[in-house]
Amino acid sequence: GEKPSETNEPSTGDNQDIEEESQGENETDLPVTPTPVPIDTSPNVLDINFADLIANESNKNVISLHEYFVNEKPTLKNEYTGMFEGYNLIFITAEGFSPYAVDKEVTPTLYKLTNSGFVFNNFYTSLWWSSTIDGEYVAQTGLVPKPGVISFHKSADNYMPFALGNQFTRLGYNVKAYHNHTYSYYKRDILYPNMGYVDYKGLGNGLDVKETWPESDLEMMEKTIPEYIDDNPFHVYYMTVSGHMNYTFVGNSMSAKNKDLVEHLPYSDEAKAYIACNIELDRALEKLISELEEKNIADKTVIALSADHYPYGLEKQHIDQIAGYEVEENFELYKNHFILWSASIEEPIIVDKPGSSIDIIPTLSNLFGLEYDSRLFAGRDLLSNSEPLVIFSNRSFITDKVMYNSKTKEVINLTDEPVTQEYIDNMIAIVKLRFLISENILDLDYYNHIGLDR
C-alpha cells in the first residue's frame with residue numbers, strides 16, 4: 001500500500017506544545033517537562049488463531065474468508081484509542097438527515113453539533129438498495145449490504161458480537177433502543193435484540209408517543225430520557241422518524257407542526273417542509289443535551305448521529321435551491337454530516353480524511369476502547385492511519401487520491417500527483433472485495449466461525 005499523506009491524520013498539536021514549553025522552561029532553569037507517554041500503536045486485532053481455524057474448518061467458503069482476513073492489514077491504535085472509555089453513548093440514525101437540514105438560525109442545535117466535537121469534512125452517506133434499513137445496517141455493522149435481500153433481516157439469525165448493543169452489554173452498560181414509529185416495522189423487534197438491544201421500545205410496545213405521520217422525535221426524547229439518564233453508564237440507540245418524506249405541509253405532521261418557523265425562508269414549499277420536519281430532530285437533540293447538562297454528564301456522554309440516507313424524497317431542484325447551486329449527483333449528493341460530539345471536547349477536532357457510514361462502527365469501537373478486530377469490517381477507523389475508501393452502491397469510490405465514477409469510468413484527481421491505471425484497477429478490485437467479503441460474512445454467519453467466546 002502507498003503511504004497515506006500526513007494531512008489525513010487529525011492532529012491536536014500536542015507534541016508541538018510540549019516542545020515549546022520545554023524550551024521555555026529550560027531557559028529559566030525550571031524543571032524539564034516530563035517526556036510524554038508514547039502512544040500505543042499496536043494493531044487493533046483480537047487474538048484469533050486463523051491457522052487453527054483453517055485446519056479445523058470443512059466449509060471451503062469459510063476457509064477462504066479466514067485466509068482473506070489473516071492477510072488483511074489491520075488499522076493501528078492511535079492517539080484517540082480509548083478516548084471515550086467508560087463514557088455513555090447515544091447513537092442515532094436520523095431519518096433523511098442531510099446538510100440541507102442544518103441552518104444556524106432555524107436548527108441551531110444541529111448547527112452546533114455539526115461544527116463542534118469531531119468535525120468530519122468529507123463524510124458520505126451512500127444510498128443502498130433497501131434505503132432506510134440498509135442505511136441502519138451499514139451504520140450498525142460496518143459492512144456493505146447485500147443486494148437483492150434485506151441484509152439486516154438476514155443478520156437476525158447471525159452472531160453479531162461487534163454490534164455496539166452487544167459490545168456495551170458485555171461491559172455491563174444499561175443498553176436500550178427506541179424507534180418512534182411502529183415497533184415491528186422492518187422486523188426491528190427481532191433485529192434490535194440480536195444486536196444487543198434486548199430492551200427495545202417502539203410505537204406499539206411501550207413507547208407511548210402520539211400516532212401521527214411521521215411521529216415526533218422530540219416527544220420520543222421527552223418520553224425516553226428519564227428511562228436511562230440516571231443509570232450510568234448507558235448506551236442508547238435511537239432510530240428517528242420525524243425527517244421522513246413526504247416533504248409537504250399537508251402530508252407531513254412534523255412539517256405542519258413547525259411551519260411557522262420556516263415561513264421566512266426564501267425556498268419552495270417542499271424545501272421549507274423538509275427543513276421544518278428536521279426542526280423536530282433539532283429540538284429533540286436540544287432536549288437531550290439540556291438533560292445531560294442538568295445531570296452533569298454531558299462531558300461523560302458521546303452523541304453519534306448519522307443519516308440512514310440522503311433525503312431522496314426531496315426533488316433535486318429543491319436540494320439545489322437550499323444548496324444555492326447545482327449539486328453534483330454521483331458523489332456530492334451523498335455528502336453528509338457525521339455528528340460525533342461530547343461536551344468534553346473543547347475545540348473542534350477537524351478530520352479531512354474521506355469516510356462514510358461504513359466506517360462508523362470501527363471508529364466508535366476504537367474511541368471507546370472496545371475489543372474488536374479491525375480486519376473484520378468493510379469500513380475502517382477514520383482516526384487511524386488507514387488509507388481512506390468511500391464506497392457507493394454503484395461501486396464508484398473516493399480515496400485520498402481520486403474520485404472514480406463507475407458509470408462514466410471518469411477519474412477525478414484530488415492531488416497534483418498523477419495516478420496510474422494500476423492504482424485505479426487495484427482500487428476497483430478492493431471495492432469489489434469489500435462487497436464480496438461483506439456478503440460472505442452475512443451469508444455464512446462468519447463471526448460465529450472465528451472462535452470468539454460467546
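Trainee: At what angle do helix H3 and helix H14 pack, and how far apart are their axes?

Mentor: In this predicted model, H3 (residues 60-71) and H14 (residues 421-443) pack at an angle of about 130°, and their axes are 11 Å apart.

Trainee: Which residues meet where H3 and H14 pack, and what is the hand of the crossing?

Mentor: From H3 come Leu65, Tyr68 and Phe69, which meet Leu433, Ile437, Asn440 and Ile441 of H14. The crossing of H3 past H14 is left-handed.

Trainee: How many aromatic pairs are there?

Mentor: The count is 36 aromatic pairs. One of them is formed by Phe118 and Phe120, with 6.2 Å centre to centre and 25° between the planes.

Trainee: What makes Phe118 and Phe120 a stacked pair?

Mentor: Two values decide it. Ring centres must lie within 6.5 Å, and planes under 30 degrees apart count as stacked. The centres here are 6.2 Å apart and the planes 25° apart, so the pair is stacked.

Trainee: Are Phe118 and Phe120 buried or exposed?

Mentor: Buried means under 20% relative accessible area. Phe118 has 1%, so Phe118 counts as buried; Phe120 has 5% and is therefore buried.

Trainee: What of Phe397 and Tyr404: how are their rings arranged?

Mentor: Phe397 and Tyr404 are also a stacked pair, at 5.0 Å centre to centre with 25° between the planes. Phe397 is at 0% relative accessibility, so Phe397 counts as buried. Tyr404 has a relative accessible area of 7% and is therefore buried.

Trainee: Which residues do ring pairs link into a cluster?

Mentor: The cluster includes Phe118 and Phe120, along with Tyr80, Phe84, Tyr87, Phe123, Phe168, Tyr173, Phe338 and Phe368.

Trainee: How do you know that Lys259 sits over the ring of Phe249?

Mentor: The distance cut-off is 6 Å from the ring centre, with a further limit of 35 degrees from the ring normal. The charged end of Lys259 is 5.1 Å from the centre of the Phe249 ring and sits over that ring. Likewise, Arg395 lies over the face of Phe435, at 4.1 Å from the ring centre.

Trainee: Which residues of helix H12 are buried, and what follows H12?

Mentor: In H12 (residues 316-323) the buried residues are His318, Ile319, Asp320 and Ile322. Their cover includes helix H11 (269-294). Gly324 follows H12 and has a positive phi, near 90°.

Methods. Residues numbered from 1 in each chain as written. Predicted model: local features only at pLDDT ≥ 70, side-chain atom pairs only at ≥ 80, totals over all residues. Heavy atoms only, no water. Phe/Tyr/Trp six-rings, centres within 6.5 Å; stacked < 30°, edge-to-face > 60°. Buried < 20%, exposed > 50% of the residue type's maximum accessible area, 1.4 Å probe, protein only. Axes fitted to C-alpha atoms, helices over the stretch in contact; angles between N-to-C directions. Helix = DSSP H or I, 4+ residues; strand = E, 2+ residues; numbered from the N terminus. Left-handed = near helix turned anticlockwise from the far one by under 90°. Contact = heavy atoms within 4.5 Å.
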